[in-house]
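Subject: A structure for you to look at

Hi there,

Here is the structure I promised to send you. Please open it next to this email and follow along as you read.

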Amino acid sequence: MNAPAPGSAATRSLPRVVAASLIGTTIEWYDYFVYGTAAALVFGKVFFPNSDPLTGTLLSFLTYAIGFAARPLGALVFGHFGDRVGRKKLLVLSLLLMGGATTAIGLLPTYDSVGVTAPVLLTSLRLVQGFALGGEWGGAVLLVSEHGDRRRRGFWASWPQGGAPAGNLLAAGVLSLMTAVQSESAFLAWGWRVPFLLSAVLVAVGLWIRLAVEESPLFRQALENRPTAEQPPLVGVLKHHWREVLVAMGARMAENISYYVMTTFVLTYAVTHAHFDKQSALNAVLIASAIQFALIPLFGALSDRVGRKPVYLVGAAGVGVWAFVFFGLVDTHSFGQLVLAVTVGLVFHSAMYAPQAAFFSELFATRLRYSGASIGAQFASVAAGAPAPLIATALLKDYGSATPISVYMAAAAALTLLAVLCARETRGQDLTAVEEEVSEDGATVGKPAVA
């Protein structure tokens, strides 16, 4: 099998694939982040009204974290079928699941209406969101990675990563608009529902675009050459790629923890501890997310020139240091300093997040790539992003200071530095360059050539 050559059909269709992946991931992340933003600002009052403000926020962040628990299951299920039947079909399904759950949240009764049933329903729909997102990320970045060429893979594969800041930008923007035009009572009564209901329209647009995209050419070739006796993708990944899975998990720790602290928890910290109004806190995240969206393809392109590891290492080290500056800037009560804190934090995050798509794709062989990349990314999210706002809120409540939170972020950065330093450089890896290994049961398993 040969990689798609410049000028081939796969290469010519690449911009369309990139656009479809970016729009799809933007919608999925919008759905996910509108929940996180609402958890920081609304759900404590709407679904847990009998608790004090910080405890109510803690409980709403707990439902937020529960969604991460379903992401590994989504990674396993979507990864298995994505490696067996194709990337595109599973991406359509993930979009439908995410959009349906988000729209349903906008229709939920509150605690005042049905009591404890309300947070139970909220948690159930959050689990569906997590399951869908667990399968989305791997398919979206692989569809782009497997259409393009090795020279610019970091740049093109970074575009679906832009869906995270774009989705956050859209979620924070819609909620910011609602808080700006409504009174506090109206926003809590019905205004918070509008961003969730808007998901139905966005999903319709996303499906129209995603259905028009062709299946990955590398996957089609791998499907044609698939041996008759083959292990399930999960077995192959855990047996032959466990080191790569551990690298991916370690690489995600600082990236995932820092992002949710600096975009989700910061809303709670800025409002309840630094005494900003909701509008200012949301606007700071809006500005920083817009800048991050522009930076991600630039860092992706840089990783094509100097390598995935150097760019990733700079981001991890930067987050570890910036963690001790971040909260001090927020505590100045200056809007400009708040924007600076979040923006610089997301610059360092972008240096990790942008090359991540190509980096993880290049760690695994085609027949195992969806499963391998998804398992590494989503299992890490359970230990990283899931509890990050919860741990940060608990540390703030127990110590009344942000210093323990900074230490927590710095420890995650140290773990990521170690994981990436132990990894091989993958820049320029030919995604079709696999060597066949024969397992004990006679099944062949594709494995990337050693760099």
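Below is what turned up, taken helix by helix and then loop by loop. Please keep in mind that this is a predicted model.

Let's begin with a pair of helices. Helix α18 covers residues 308–330 and helix α19 covers residues 335–361; their axes come within 8 Å and cross at roughly 160°. Angles over 145 degrees count as roughly antiparallel, and α18 and α19 are therefore roughly antiparallel to each other. The crossing in which α18 passes α19 is left-handed. What kinds of residues make up the contact of α18 with α19? They divide into 20 nonpolar, six polar and one charged.

In the loop between α18 and α19 you will find H333. Take a look at its backbone: phi of H333 is positive, at about 65°, although H333 is not a glycine.

Is H275 buried or exposed? Its relative accessibility is 63%, so H275 counts as exposed, given that the cut-off for exposed is over 50%.

Now move into helix α17 (residues 278–306), where Q292 has its place. With a relative accessible area of 1%, Q292 is buried, since buried means under 20%. What does the side chain of Q292 make a polar contact with? Its partner is the side chain of S350, at 3.2 Å.

Helix α2 (residues 14–41) has 28 residues, which should span 40 Å at 1.5 Å a residue; the end C-alpha atoms of α2 are 39 Å apart, so the two values agree. Helix α20 (residues 366–383) has 18 residues and reaches 27 Å from its first C-alpha to its last, close to the expected 26 Å.

How many residues of α2 are buried? The count is 24 of the 28, so α2 is largely enclosed by the rest of the structure. As for α20, 15 of its 18 residues are buried, and this helix is mostly covered.

Best wishes

Technical notes:
Residues are numbered from 1 along each chain as its sequence is written. This is a predicted model: local features need pLDDT of at least 70, side-chain atom pairs count only at pLDDT 80 or more; totals for chains, interfaces and linings use all residues. Side-chain values use heavy atoms; hydrogens and water are left out. Axes are lines fitted to C-alpha atoms, for helices over the stretch in contact, and angles run from 0 to 180 degrees between N-to-C directions. Helices (H or I, at least four residues) and strands (E, at least two) are DSSP runs, numbered from the N terminus. Angles under 35 degrees count as roughly parallel, over 145 as roughly antiparallel, 65 to 115 as roughly perpendicular and the rest as oblique. A crossing is left-handed if the near helix is turned anticlockwise from the far one by less than a right angle, and right-handed if clockwise. Ala, Val, Leu, Ile, Met, Phe, Trp, Tyr, Cys and Pro count as nonpolar, Asp, Glu, Lys and Arg as charged, and the others, Gly among them, as polar. The expected span of a helix is 1.5 Å times one less than its number of residues. Buried means under 20% relative accessible area, exposed over 50%, partly exposed in between (1.4 Å probe, protein chains only). A polar contact is a pair of N or O atoms within 3.5 Å; within protein, one must be able to donate a hydrogen and the other to accept it, and residues adjacent in sequence count only if both atoms are side-chain atoms.
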